[in-house]
Amino acid sequence: MRGSEPAEAVAHPNIALVKYWGKRDDRLVIPYADSLSMTLDVFPTTTQVRLQPHATHDVVIMDGALARNNARRRIVDFLDLVREQAGRSECAVVKTCNTVPVGAGLASSASGFAALALASTAAYELEYEPAALSRLARRGSGSAARSVFGGFVRWHAGAPDAPDPDRASFAEPLTGTQLDLALVAVLLETGHKSVSSREAMSRSARTSPLFPTWLARTRAEIGEMCAALDEGDLATVGAIAECNALGMHRTMETAVPPVRYRTRDSHRVLQQVRRMRRAGLRAWSTMDAGPNVKVLCATGDAPLVAEELKQATRRRVVVARGGPGAVLRGGS
Ligand code: 2P0
């Protein structure tokens, strides 16, 4: 990096086909199980990091407003980690601009920390290869490890007895799958959720009687999903993704106290997708830590699926396809 020139990076959210839900290590953000996602081509986050050698504290501006409390804390903690790895001490100004509705289960933390990892390593002159960058992004937010890469991405949990658990847990792109998958997101609510995904996954792991079963199923499903993607088998990909997402929701709904992200509107969309499937459309649901339902289908069917969902719900519908990994702006 050049003096106090800013470094700027862009990253996209990802949607997990096999979900990450539960951490083995909270501090290092190491999951219990592998997860698998598709990076999207919508809702990018752009993040700029400018070093301020004479400043006494970091400044974080999110979507034009000064970030405070937990939002600021997470970014400053992340900068501290980058500074520690770089052996540097300068403060920075971070400006981040999201285009995804924050806090609605559409993964703004994934694109956010992937972009921050890339921009901050450039600003502090750390040269990381992509797997190392995904390890670093993981420390900000687990799912950010996957947004470092484009297309289909697997995040390895690493073996529980790995000598260096941090090194063992990284994401990598899947090669060899030709599946042209689209995602149609039905935006039911875009406000902040009452329970963060971080708290919800921790509570699920600690208290849900279904958690061990969820984990065992997820570990089996990751292998089945990789095989189905390899074969370009859309029906199996869709069926596993739907089953995995609903299993995750059952796990949090049986936590103590329960976390319910699914609303009456979510259930209506889930039902509509089942109805569309019975009528011959190849479409499957997935959901994250929020009420919105995302529908997986072949790219060629996406306009029809989107139209049917728009008619049935009268809500905003967004069509996404596979998108790129995180990149630095300006080719640096
Ligand atoms: C996923 N989610 O695999 C799952 C499915 C939400 C539901 O990863 O605590 O914001 O920062 O590591 O990455 C959202 O959790 O959690 C998430 P932290 P993160 O996409």
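Reader: In this predicted model, is Asp34 buried or exposed, and what is its relative accessible area?
Author: The cut-off for a buried residue is a relative accessible area under 20%. Asp34 falls below that cut-off and is therefore buried, its computed relative accessible area being 16%.

Reader: Which residue forms a salt bridge with Asp34, and which parts of the chain does the pair tie together?
Author: The closest N and O atoms of the salt bridge are 2.9 Å apart, and the partner of Asp34 is Arg154. Asp34 lies in the loop between strand E4 (30-31) and strand E5 (35-39), whereas Arg154 belongs to strand E10 (residues 152-155), so the pair ties together parts whose separation in sequence is 120 residues.

Reader: Which residue pairs with Asp180 in a salt bridge, and how many residues apart are the two?
Author: Asp180 forms a salt bridge with Arg321, with 3.3 Å between the closest N and O atoms. Asp180 sits in the loop between strand E11 (171-173) and strand E12 (181-187), and Arg321 sits in strand E15 (residues 316-321), so that this link between distant parts of the chain, counted by DSSP runs, joins residues that are 141 residues apart.

Reader: How many disulfides are counted, and how far from Cys226 is the nearest cysteine sulfur?
Author: A disulfide needs two cysteine sulfur atoms within 2.5 Å, and the count comes to zero. Cys226, which is in no disulfide, has the sulfur of Cys243 as its nearest cysteine sulfur, at a distance of 16 Å.

Key: Residues numbered from 1 in each chain as written. Predicted model: local features only at pLDDT ≥ 70, side-chain atom pairs only at ≥ 80, totals over all residues. Heavy atoms only, no water. Salt bridge = Lys/Arg side-chain N within 4 Å of Asp/Glu carboxyl O. Helix = DSSP H or I, 4+ residues; strand = E, 2+ residues; numbered from the N terminus. Buried < 20%, exposed > 50% of the residue type's maximum accessible area, 1.4 Å probe, protein only.
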